[in-house]
Amino acid sequence: MDTLVDSAMGLLALRPAATMDEIAESAGIGRATLFRRFASRDLLVRELSRQAVSSYVDVVAGSTLREDRPSIALRRLAWALAELAPRYGLLALQPLSERVESEILLAADAADEEIKDLIRRGQSGGEFRVDLPAEWIAQSLTWLIVGAADGLRLKTVAEADVPRLVSESILAIAARGES
């Protein structure tokens, strides 16, 4: 990844409302150089969001969700996705045009379906709650990661704790309680 994109990602993770001037300064380049590369903040955020979705898709694809019991696979997946939180988590809060947001959501569709299939498998096997829709549990995982990123920004959570906190939290949400 190039220094400019890396720097922009780091700054937006800490300060989601950072301006293009602040992004240029953090990258150690002039405003004109930044605007030659990304003509607008929207184009920069769009590129960063595409990278975030690509990383998300790669993590889901590499998580071998069908090889273990659903609870083990969900824990492993949540841990791996939580490791993306410091870098990409707050991009979910960046405004995107409806068309760009649709493109990004479409790029994540197959990965989202794999997660929902894992949850449904856990529900049908008796490991996960059936009173919560698989879609809700999957969305909860996404927002736990965003919340973890915000906790990092606010310094209310340590980066080393994020994977454990996210994986334990999603399992607490999904797990079928003993009656």
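**Figure 1. Close-up of helix α2 and its buried residues.** In helix α2, which spans residues 20–27, the buried residues are Met20, Ile23, Ala24 and Ala27. Viewed down the axis of α2, these buried residues fall within an arc of 100°, so they line one face of the helix. The cover over the buried residues of α2 includes α1 (3–14), α3 (31–37) and α4. Gly28 follows α2 and has a positive phi, near 75°. This view, like those that follow, is taken from a predicted model.

**Figure 2. Overview of the protein chain, given for orientation among the close-ups.** The secondary structure of the protein chain comes to nine helices and zero strands, and from the N terminus on the elements run α-α-α-α-α-α-α-α-α. Taken along the principal axes, the box filled by the C-alpha atoms of the protein chain is roughly 60 × 35 × 25 Å. A compact globule of 179 residues would have a radius of gyration near 16 Å, and the 18 Å found for the protein chain agrees with that expectation. Of the 179 residues of the protein chain, 41% count as buried. Among the contacts in the protein chain with a separation of 6 or more, 70% are accounted for by residues 24 or more positions apart.

**Figure 3. Close-up of the largest pocket and its lining.** The largest pocket holds about 970 Å³ of space, and of the 30 residues that line this pocket, the closest to its centre are Val53, Ala92, Leu105, Ala108 and Thr142. Four helices, α4 (41–61), α6 (85–88), α7 (98–124) and α8 (134–154), each supply at least two residues of the lining of the largest pocket. Of the elements that contribute to the lining of the largest pocket, α7 gives the most, with nine residues. By class, the lining of the largest pocket divides into 19 nonpolar, five polar and six charged residues.

**Figure 4. Close-up of the largest cavity.** The structure holds one cavity of 30 Å³ or more, and the space in the largest cavity is about 30 Å³. The residues that line the largest cavity are Met9, Leu12, Ala13, Arg87, Tyr88, Leu90 and Leu91, and the elements that give two or more residues to this lining are α1 and α6. The most is given by α1, which supplies three residues to the lining of the largest cavity. Six residues of the lining of the largest cavity are nonpolar, none is polar and one is charged.

Figure 5. When its neighbours within four places in sequence are left aside, Ala149 is in contact with Ala85, Gly89 and Leu90. Ala149 and Tyr88 are 61 residues apart in sequence, while their C-alpha atoms are 7.9 Å apart in space. Tyr88 is also one of the residues that line the largest cavity.

Figure 6. Arg46 is found in helix α4 and counts as buried, at 14% relative accessibility. With its neighbours within four places in sequence left aside, Arg46 is in contact with Leu96, Arg99 and Val100. The helix that holds Arg46, α4, is among the elements that supply at least two residues of the lining of the largest pocket, and α4 is also part of what covers the buried residues of α2.

**Figure 7. Close-up of two loop residues with positive phi.** Most residues other than glycine have a negative phi. Thr64, a residue other than glycine, has a positive phi near 40°; its place is in the loop between α4 and α5 (70–82), and Thr64 is partly exposed, with a relative accessible area of 32%. Lys155, although it is not a glycine, has a positive phi of about 65°. Lys155 is found in the loop between α8 and α9 (162–174), where Lys155 counts as exposed, at 69% relative accessibility.

Key
Residues numbered from 1 in each chain as written. Predicted model: local features only at pLDDT ≥ 70, side-chain atom pairs only at ≥ 80, totals over all residues. Heavy atoms only, no water. 1 Å grid on protein atoms, 1.4 Å probe; cavity = no way out; pocket = protein on both sides within 12 Å on 5 of 7 lines; lining within 4 Å. Points joined across faces, edges and corners; volume = space filled by probe spheres on them. Nonpolar A, V, L, I, M, F, W, Y, C, P; charged D, E, K, R; others polar. Buried < 20%, exposed > 50% of the residue type's maximum accessible area, 1.4 Å probe, protein only. Arc of directions from axis to C-beta. Contact = heavy atoms within 4.5 Å. Rg over C-alpha atoms; globule rule 2.2 N^0.38 Å.
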